[in-house]
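Subject: Structure handover

Hi,

Here is the structure I promised to pass on to you. Have a look at it first, and my notes on what turned up follow below.

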Amino acid sequence: MRNLILCLLAVLLITSFAGAAHAKSLVLVFSRADENYNVGYVEKGNTRILAEMAADITKGDLFEIKTVKSYPKEYRPATEVAKQEKENNARPEINGPLPDMSKYDVIFLGYPIWWGDLPMAVYTFLEQYDWTGKKIALFVTHEGSGLSSIPASIKKTTQAEAVSGFSLYGHEAQNERESSQLKVNAWLKKLGF
């Protein structure tokens, strides 16, 4: 029964993005460079690497969600700030200008999993728009949690069609670029790109 449900979900995923290769797409990403778990100090965040791959394949515009106040460069202090934001249900201020979402048919949204959830800055971003009629394809980096229950959180926050997407270990995105590229390619091919 589980396999049948997974097959049906795959068919829905593919048909929901039928014609996607001709749609105007936007790749939104929230990512953090500096010290990251399992990879040390990096110049480009793990999720940003995947976002660039997706933007290249889809020929979509790339927009990085950035906060006005930067997170600490060191990993542990950054996680403590993220944890405090989550506990307070904070909405960190986003650094603009923001993209005109009306120009896009398909939205790719990428972010790391922080404390089993979206980073609070991504909630800030999502809550600023009317997502009616939009399709959101998710991609995340993590170190063990996968997509978690994030598709449901996205749907609840935006009322958009949140398409279960793609997850990859952050250290894999950072250190195994060729295999990561192949996995991104396969995911986007399933979506019609």
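To begin with a helix: how many residues does α7 have, and how far does it reach from its first C-alpha to its last? Helix α7 covers residues 177–190, which gives it 14 residues, and it reaches 20 Å, close to the 20 Å expected at 1.5 Å a residue. Please keep in mind throughout that this is a predicted model.

Ser180, Val184, Trp187 and Leu188 are buried. Viewed down the helix axis, the buried residues of α7 fall within an arc of 95°, so they line one face of the helix. The general rule behind such a pattern is that an α-helix has 3.6 residues a turn, so residues three or four places apart point the same way. On the other side of α7 you will find Glu178, Leu182, Lys189 and Lys190, which are exposed. Just after the helix, Gly192 takes a positive phi of about 100°.

Then there is Asn175, which belongs to helix α6 (residues 170–175). Is Asn175 buried or exposed? Its relative accessibility is 53%, and because the cut-off for exposed is over 50%, Asn175 counts as exposed. Leaving aside neighbours within four places in sequence, Asn175 is in contact with Asn38 and Val39. The C-alpha atoms of Asn175 and Val39 are 7.8 Å apart in space, although 136 residues separate the two in sequence.

Now for the overall layout. The chain has seven helices and seven strands, and along the sequence they follow the pattern α-β-β-β-α-β-α-β-α-β-α-β-α-α. Of the 193 residues in the chain, 48% are buried. Among contacts with a separation of 6 or more, 80% are between residues 24 or more positions apart.

Which parts of the chain does the pair of Phe30 and Trp114 tie together? Phe30 lies in the loop between β1 (25–29) and β2 (34–36), and Trp114 lies in the loop between β5 (106–112) and α4 (120–126), so the pair ties together parts that are 84 residues apart in sequence. Both Phe30 and Trp114 are buried.

Phe125 and Tyr129 form another aromatic pair, this one tilted, at 5.1 Å centre to centre and 50° between the planes. Both Phe125 and Tyr129 are buried as well. There is also an aromatic cluster made up of Phe108, Phe139, Phe166, Trp187 and Phe193. Trp187 is the residue already listed above among the buried ones of α7.

The structure holds one cavity of 30 Å³ or more, and the largest cavity has a volume of about 40 Å³. Which residues line the largest cavity? They are Ala82, Glu85, Lys86, Trp114, Trp115, Leu118, Pro119 and Met120. Helix α3 (residues 75–87) gives the most to this lining, with three residues.

Methods: Residues numbered from 1 in each chain as written. Predicted model: local features only at pLDDT ≥ 70, side-chain atom pairs only at ≥ 80, totals over all residues. Heavy atoms only, no water. Helix = DSSP H or I, 4+ residues; strand = E, 2+ residues; numbered from the N terminus. Buried < 20%, exposed > 50% of the residue type's maximum accessible area, 1.4 Å probe, protein only. Contact = heavy atoms within 4.5 Å. Expected span 1.5 Å × (residues − 1). Arc of directions from axis to C-beta. Phe/Tyr/Trp six-rings, centres within 6.5 Å; stacked < 30°, edge-to-face > 60°. 1 Å grid on protein atoms, 1.4 Å probe; cavity = no way out; pocket = protein on both sides within 12 Å on 5 of 7 lines; lining within 4 Å. Points joined across faces, edges and corners; volume = space filled by probe spheres on them.
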